[in-house]
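Dear colleague,

Please find below the structure I promised to hand over to you. Take a look at it first, and then read my notes on what was found in it.

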Amino acid sequence: MDWLYILMPISGVTIFWPGLIILGVGVGIIGGFFGMGGAWMVTPGLNILGFPMAFAIGTDIAHMAGKSLISTMRHGKFGNVDYKLGMIMLVGTVVGFEVGAQMIMWLERIGSVDKVVRYIYLVLLVFIAWMVFHDVAKRRAKQRAAAAAGQEVDKLATGIEWHKTLHKIKIPPMVHLNVAGIYCSAWLPIFVSFLTGWLAGILGIGGGLIRMPALIYLLGCPTHVAVGTDLFEVMISGLYGAGSYTYKGRTELVAAIIMLIGAAMGAQVGSVATKYIKGYGIRIAFGLAVIGCIISIILKLIPNYYPEAKAATDIMATFLINGLVVALSAYITIKMVQGAKREIAAKKARG
């Protein structure tokens, strides 16, 4: 079975290459659908496959940059990208990313990078999962209350409405974001982008894991616009991050290329799927994916306290992360095909 493994020339580790292909194709679909690079799955996935954490971060950022470029172009055709918002957020994203990347270099020098990054991931994922499902629960409560009163809830209404409070902050300059339908202080998206850029540099993600929910809950973007605009930001931060980590010698280009080939195809499917699955369908699927990642990270932390369990937890984590990618990819692809069939049937009926 040696042919299933390949030696990575820069990091010096031997990797199960079919796992790279599964991650590439699957996360291409998932990233194009959720509006993020998918590093919240890929970085732990690469670490589980055998990459040291610093190399897992750098390699994923390199693969993510190319894939996000493809997805952004596709979403742009659907009118889902607010380029003005994306350019405003660019400033905070780049500054925050470099601060986070420098922190990773420091953690690597003191030998604490793996443990610290996993715990930050865990805390962040738990918070995001709570936020998504709390939002869904509040939205459904609004629907039940409206139904009891014989009314309907606005399709654009959300459960969590933190953005309404933040929009009351009127620190100039104020900006109109026409595609997103937002009028707010320019400092709000800059602050959000700095925070997400900082976490992106630490966790090796394009920031989409937190930027997409932030665009929805803190800025008030419609879900499909949040997806497209976030991918634009992921593309920018990914290109910058790839250069930064490659310069620092923490990018395994062979693995990035293997993953990018599959991701380029998967991203097309994920982007088109958002045409047929919108709003809370995207949010619920996103929340379930986050829960799966939480479980995989907990499995990787168990050997810190029970070393004898390492072999078993490594196998379980590997199957879980790859199984999650395959299951979500299949769900998104099936929903896309069903939506396309309905659209074709409707056109035939009219024509």
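**Surface and overall shape**

The protein exposes about 15100 Å² of accessible area, and carbon and sulfur atoms supply 70% of it; such areas come from the Shrake-Rupley method with a 1.4 Å probe, and for residues only the protein chains shown count as cover. Please keep in mind that this is a predicted model, in which local features need pLDDT of at least 70 and side-chain atom pairs count only at pLDDT 80 or more, while totals for chains, interfaces and linings use all residues. Residues are numbered from 1 along each chain as its sequence is written, and side-chain values use heavy atoms, with hydrogens and water left out.

The protein has 12 helices and 4 strands, where helices (H or I, at least four residues) and strands (E, at least two) are DSSP runs numbered from the N terminus. The radius of gyration is 20 Å, which agrees with the value near 20 Å that a compact globule of 351 residues would have; this radius is taken over C-alpha atoms, and the globule rule is 2.2 Å times the number of residues to the power 0.38. Along the principal axes, the C-alpha atoms fill a box of roughly 60 × 50 × 35 Å.

Of the 351 residues, 54% count as buried, a term that means under 20% relative accessible area, with exposed meaning over 50% and partly exposed in between (1.4 Å probe, protein chains only). Among contacts (heavy atoms within 4.5 Å) between residues at least 6 apart in sequence, 78% join residues at least 24 apart.

Rolling a probe the size of a water molecule over the atoms shows where empty space is left. On a 1 Å grid over the protein atoms alone, a cavity is a set of points where a 1.4 Å probe fits but cannot get out, a pocket is an open set with protein on both sides within 12 Å along at least five of seven lines, and lining residues have an atom within 4 Å of a point. Grid points are joined across faces, edges and corners, and a volume is the space filled by probe spheres set on the points.

By this rule there is 1 cavity of 30 Å³ or more, and the largest cavity has a volume of about 60 Å³. Helix 2 (39-49), helix 5 (113-148) and helix 11 (280-301) each supply at least two residues of its lining, which includes Pro44, Arg118 and Lys300.

The second largest pocket has a volume of about 200 Å³, and helix 5, helix 7 (187-203) and helix 8 (208-217) each give two or more residues to its lining. Of the 14 lining residues, Phe127, Leu195, Ile210, Ala214 and Leu218 lie nearest the centre of this pocket.

**Some single residues**

Which residues touch threonine 313, not counting residues up to four places away in sequence? They are Leu299, Ile302 and Pro303. Threonine 313 is in helix 12 (residues 310-350) and counts as buried, at 4% relative accessibility. Threonine 165, by contrast, is found in helix 6 and is exposed, with a relative accessible area of 53%.

Most peptide bonds are trans. A cis peptide bond, however, joins proline 172 and proline 173, with omega about 5 degrees, and proline 173 is found in the loop between helix 6 (162-166) and strand 3 (174-177).

With best wishes
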